[in-house]
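Hi,

Here is the structure I promised to pass on to you. Have a look at it first, and then read my notes below.

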Amino acid sequence: MHELGIVFHIIDTVEQVGRENGVTQVRSVTLDVGQVSGIEDPYLMDCWRWAADRSEMLRGARLQIETVHAVTLCDACGKTYDTVPQGRTCPYCGSGDTHLLRGNACSIRAVSYTHLRAHETRHDL
């Protein structure tokens with residue numbers, strides 16, 4: 001289950017950036033998760049609930065997941081297409097000379113928080 005390692009990395013990153021910006025309590029974290037990233041959303045959510053509650057800064061924080069649609073480019077004809085229904089073979093020209101443009105990564109899109117150290121007024125990280 002690589003989802004737990006992903007969650008630990010996200011929490012470490014959010015805590016580090018939060019400390020640098022005076023954040024004391026995170027309300028939610030939004031992730032962009034690629035459609036073909038291999039990450040299982042239910043496992044990610046279960047790992048998040050377990051791990052975030054062990055972090056003082058992230059205790060009770062919600063995890064929101066936005067799916068990034070997978071798109072492939074055909075190098076032979078130059079057209080793009082939906083990856084999941086077609087796979088590596090271009091539906092326009094039949095070529096296998098293709099590569100994934102997006103949809104296989106995981107990244108932090110946004111962090112919202114409720115508390116800052118005394119008298120700071122930032123709203124988004």
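Predicted model: local features only at pLDDT ≥ 70, side-chain atom pairs only at ≥ 80, totals over all residues.

The cut-offs here are under 20% relative accessible area for buried, over 50% for exposed and partly exposed in between, using a 1.4 Å probe and protein chains only. You'll find P42 in helix α2, which covers residues 41–52.

Residues are numbered from 1 along each chain as its sequence is written, and side-chain values use heavy atoms, with hydrogens and water left out.

The overall picture

The protein has three helices and six strands. Both are DSSP runs numbered from the N terminus: helices are H or I with at least four residues, and strands are E with at least two. Read from the N terminus, the order is α-β-α-β-β-β-α-β-β. The protein is more spread out than a compact globule, because its radius of gyration is 18 Å, well over the 14 Å that the globule rule gives for 125 residues. That radius is taken over C-alpha atoms, and the rule is 2.2 Å times the number of residues to the power 0.38. You can also see it in the C-alpha trace, which spans about 60 × 30 × 15 Å along its principal axes.

Of the 125 residues, 37% count as buried. The protein exposes about 7500 Å², and carbon and sulfur atoms supply 48% of that; the areas come from the Shrake-Rupley method with a 1.4 Å probe, and for residues only the protein chains shown count as cover. As for contacts (heavy atoms within 4.5 Å), residues 24 or more positions apart account for 69% of those with a separation of 6 or more.

D32 and its partner

D32 sits in strand β1, residues 23–34. With a relative accessible area of 16%, D32 is buried. Its side chain has a polar contact of 2.7 Å with the side chain of R109. By polar contact I mean a pair of N or O atoms within 3.5 Å; within protein, one must be able to donate a hydrogen and the other to accept it, and residues adjacent in sequence count only if both atoms are side-chain atoms. Beyond its neighbours within four places in sequence, D32 is in contact with residues including E66, V68 and C106.

Two loop residues

Now move to S37, in the loop between β1 and α2. What does the side chain of S37 reach at 2.9 Å? It is the backbone oxygen of G34. A polar atom of the S37 side chain also lies 3.2 Å from the backbone nitrogen of I39. If you skip residues up to four places away in sequence, S37 touches G103, N104 and A105.

H69 is in another loop, between β2 (62–68) and β3 (71–74). H69 is partly exposed, at 36% relative accessible area. Its side chain makes a polar contact of 3.5 Å with the side chain of Q35. Not counting residues up to four places away in sequence, H69 touches Q35, D82, R102 and G103. From H69 to D82 is 13 residues in sequence and 7.9 Å in space, C-alpha to C-alpha.

Two buried ones to finish

S55 lies in the loop between α2 and β2, and S55 is buried, with a relative accessible area of 5%. Outside four places in sequence, S55 touches I11 and E15. The C-alpha atoms of S55 and T24 are 11 Å apart, although 31 residues separate them along the chain.

T72, in strand β3, is buried too, with a relative accessible area of 4%. Which side chain makes a polar contact of 2.5 Å with the side chain of T72? That would be T83. T72 also has contacts outside four places in sequence, among them K79, Y81, G87, H99 and L101. Finally, T72 and C90 are 18 residues apart in sequence and 8.4 Å apart in space, C-alpha to C-alpha.

Cheers
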